[in-house]
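Here is a short report on rings and nonpolar cores in one protein. Keep the sequence beside you as you read.

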Amino acid sequence: MKAIFLDNDGTLVDDMPFAAEPRCIRLVNGAGPALRLLSGLDYRLFVVANQSGIAHGCFGEDAMTPMSDRLRDLLFREQLTLDGFYYCPHHPLGTVSNYAHACTCRKPSPGMLLRAAHEHDIDLRASWMIGDILHDVEAGNRAGCRTLLIDNGNETEWRLGPRRLPTRIAPDLYHAAMLIAGHGDPC
């Protein structure tokens, strides 16, 4: 199986940091057509998201099920299926002691991708990680995926390194899907 691993905030849905209200979640413009194209190429869809709002006490881990349900509903309306929803509740500077530590699942670590690959028999070399910051790119590269950076202005640090160089760059999710499908350069 090959997969598309998607960062959540700023890549799949409109960026709303620490937002735990499911009804406020909206797919980014062009997400439906983009993901239908990729699904038609036999890619399975997985969300891999850092959710440090849990570690910072902004919302509880129990908020993740309604958020996942909302994403599944939005994708169902687009005639799509979300095959997996993985999240990391940790942050080393968090204020909730159970979640305030370093871990192997928080991007840029590849833990969520490796877990999904193990649980779903995913060929990571045939898969892509799509995200809007270089931590997403690094996680994908470390897992052995090809990577695509959505250059939408959300990356602010630009700390480059060998694991932080994306395979491709696109301005949005729709153009990212076009590049993965082999339909040319978005610019």
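The report covers the model, its aromatic pairs and its nonpolar cores.

## The model

This is a predicted model, where local features need pLDDT of at least 70, side-chain atom pairs count only at pLDDT 80 or more, and totals for chains, interfaces and linings use all residues. Residues are numbered from 1 along each chain as its sequence is written, and side-chain values use heavy atoms, leaving out hydrogens and water.

## Aromatic pairs

Rings of Phe, Tyr and Trp (its six-membered ring) pair if their centres lie within 6.5 Å; planes under 30 degrees apart are stacked, over 60 edge-to-face, the rest tilted. The count is 2 aromatic pairs. F5 and F46 form a tilted pair, 5.8 Å centre to centre, with 40 degrees between the planes. F5 sits in strand β1 (residues 2-6) and F46 in strand β2 (residues 43-50), 41 residues apart. Strands are DSSP runs of E, at least two residues; helices are runs of H or I, at least four; both are numbered from the N terminus.

F85 and Y87 also form a tilted pair, at 6.2 Å and 45 degrees. Buried means under 20% relative accessible area, exposed over 50%, partly exposed in between (1.4 Å probe, protein chains only). F85 has 13% relative accessibility, so F85 counts as buried. Y87, at 23%, is partly exposed.

## Nonpolar cores

A nonpolar core is a set of buried Ala, Val, Leu, Ile, Met, Phe, Trp, Tyr and Cys residues joined through side-chain atoms within 4.5 Å. The largest has 38 residues; I4 and L12 are among those with the most contacts inside it. Apart from this core lies another, of 17 residues, including V48 and M129.
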